Amino acid sequence: MVSSPHTFDFPPYRPPSEAQSMLLRVTHGCPWNKCAFCSMYRKYPFARKTMAEIKADIDLMPAVYGTHANHVFLGDSNSLLLSADALVEILKHLYSVFPGLKRVTSYARAKTVMKKSLDDLKAIREAGLTRLHIGLESGSDAVLKKIRKGATADEIITGGLKSKEAGFDCSIYVLLGIGGMEQTIDHRQGTIRVLNAIDPHFIRVRTLTPIPKSDIAKWIAEGRFTLVTPLVSIEEERDIVAGLEVNSRFLNDHASNIVPLDGKLPEDKDHMLQLLEQGINYCRNHDVGYSDYRYL
Ligand code: SF4
C-alpha cells in the first residue's frame, strides 16, 4: 500500500543506530526477499513510490518529527535500487526542508552498489546520502549460497569498496551462527577475509535468532541446520575479532548479541578479546543453553 499525501508512511524497520533518526520511506519492502534467515519484509511486497508521494512525506516530516532532529534514515531495504537521478531529487528536497541535516543513511545491497557506476554513487553521496548499511552476514561463499544471499563474497567486497570510494560511510553487518555448527569454521575464515578486504567504517554484529516459519527454522526442524550454541557463537566472534586487521568501529549493537561490545579496532582489540574470553568461560562454567544466553 502506498501513502496518501495526508498519511505519513513510516518504514517498518531501521537499524538500532538510527533510533534517534527521522524515518522516511522511499520504497516498500525488499526487492530480493529471498535470504533464508530473514522474514522482515515477507509481508511487504516490493513496490516503488512515486516522487510526488515521497515529496509529500518529506513535506510532512516537520509536523511528524519536529525540526530538531538532524539525522534521517531512508527505508525500506535497498534504496540504492532507485536511479541516481531519483535519489538526488529526493535528497535535494529533503535538505531543502531540513537544511541542517548532518547524516542521511540507508540500507543497501552490496550487489546493487557494485552494479551502480562510480559517478552515480558519487552524485548520490554529494547530494547528501552519507552512510550505507550493507548486509554481509558471512564471508563464506558456501554459506552465502546456502542462505540465498544473492551475492558472492567477492561481489560484496567490490560493493563495499566502491561505497567507500564514492565517499560513503560503510557499515557492514555480520551474522554470528549463520553457518550453523556445520560451517562455523568456514564462516569465521571467510568473514575475516571480507572484512579485512573492505576495512569498513563500521562492523555491526548480530546473532542468528531463527524466526518461526523462516527457512532456517524449517532447516533446523528437518535436521539440515544445527544452531550454534552460545559458546560457539562467542567463539566465532572471538576468532573473527582476533583475525581482523581493520580500522573500524566494531559494535554488538543488537539485542540478539551475547557479549556487549563497542570499540575501535585496532586500539580496543585486546580489551574486546578479553570480554569475549570472559563470555566463553562463563558459558563453559555454567552450561549455558540457547534459551539462557540473553541473561549472561
Ligand atoms: S536480509 Fe536484506 S536482502 Fe535479504 S531478504 Fe532480508 S532485507 Fe532482503
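In the predicted model, Arg148 occupies the loop between α5 (141-146) and α6. Although Arg148 is not a glycine, its phi is positive, at about 55 degrees. Arg148 has 14 other C-beta atoms within 10 Å and is therefore partly exposed, given that this class lies between the limits of 12 or fewer for exposed and 20 or more for buried.

A positive phi of about 55 degrees is also found at Asn33, again a residue that is not a glycine. Asn33 belongs to the loop between β2 (27-28) and β3 (47-48). Because 17 C-beta neighbours fall inside 10 Å, Asn33 counts as partly exposed. Asn33 is one of the residues that surround the ligand. By class, the shell around the ligand consists of six nonpolar, three polar and two charged residues.

Two cis peptide bonds are described here. One runs from Gly75 to Asp76, with omega near 0 degrees. Asp76 lies in the loop between β4 (71-75) and α2. The other joins Leu265 to Pro266, and its omega is about 10 degrees. Pro266 is placed in the loop between β10 (262-264) and α10 (269-286).

The packing of helices was examined for two pairs. Helix α1 (residues 51-65) and helix α2 (residues 84-97) have axes that come within 9 Å and cross at roughly 20 degrees. The two helices are therefore roughly parallel to each other, as angles under 35 degrees are assigned to that class. The crossing of α1 past α2 is right-handed. On the α1 side, the contact is made by Met51, Ile54, Lys55, Ile58, Asp59, Met61 and Pro62. These residues meet Ala86, Glu89, Ile90, His93, Leu94 and Val97 of α2. The residues of this contact comprise nine nonpolar, one polar and three charged.

In the second pair, helix α6 (residues 153-165) packs against helix α7 (residues 184-198) at an angle of about 25 degrees, and their axes are 9 Å apart. This angle makes α6 roughly parallel to α7. The crossing of α6 and α7 is right-handed. From α6, the residues Ala153, Ile156, Ile157, Gly160 and Leu161 take part in the contact. Their partners in α7 are Gly190, Val194, Ala197 and Ile198. The contact of α6 with α7 contains seven nonpolar and two polar residues, and no charged residue.

Ile198, a residue of helix α7, also takes part in the contact with α6. Ile198 is classed as buried because 25 other C-beta atoms lie within 10 Å, whereas the class requires 20 or more. With neighbours within four places in sequence left aside, Ile198 is in contact with Ile157, Gly160, Leu161, Cys170 and Ile172. Of these partners, Ile157, Gly160 and Leu161 are in α6. Ile172 is 26 residues from Ile198 along the chain, and the C-alpha atoms of the two residues are separated by 9.1 Å.

Notes:
Residues numbered from 1 in each chain as written. Predicted model: local features only at pLDDT ≥ 70, side-chain atom pairs only at ≥ 80, totals over all residues. Axes fitted to C-alpha atoms, helices over the stretch in contact; angles between N-to-C directions. Helix = DSSP H or I, 4+ residues; strand = E, 2+ residues; numbered from the N terminus. Parallel < 35°, antiparallel > 145°, perpendicular 65-115°, else oblique. Left-handed = near helix turned anticlockwise from the far one by under 90°. Contact = placed C-beta atoms within 7 Å. Nonpolar A, V, L, I, M, F, W, Y, C, P; charged D, E, K, R; others polar. Near = placed C-beta within 6 Å.
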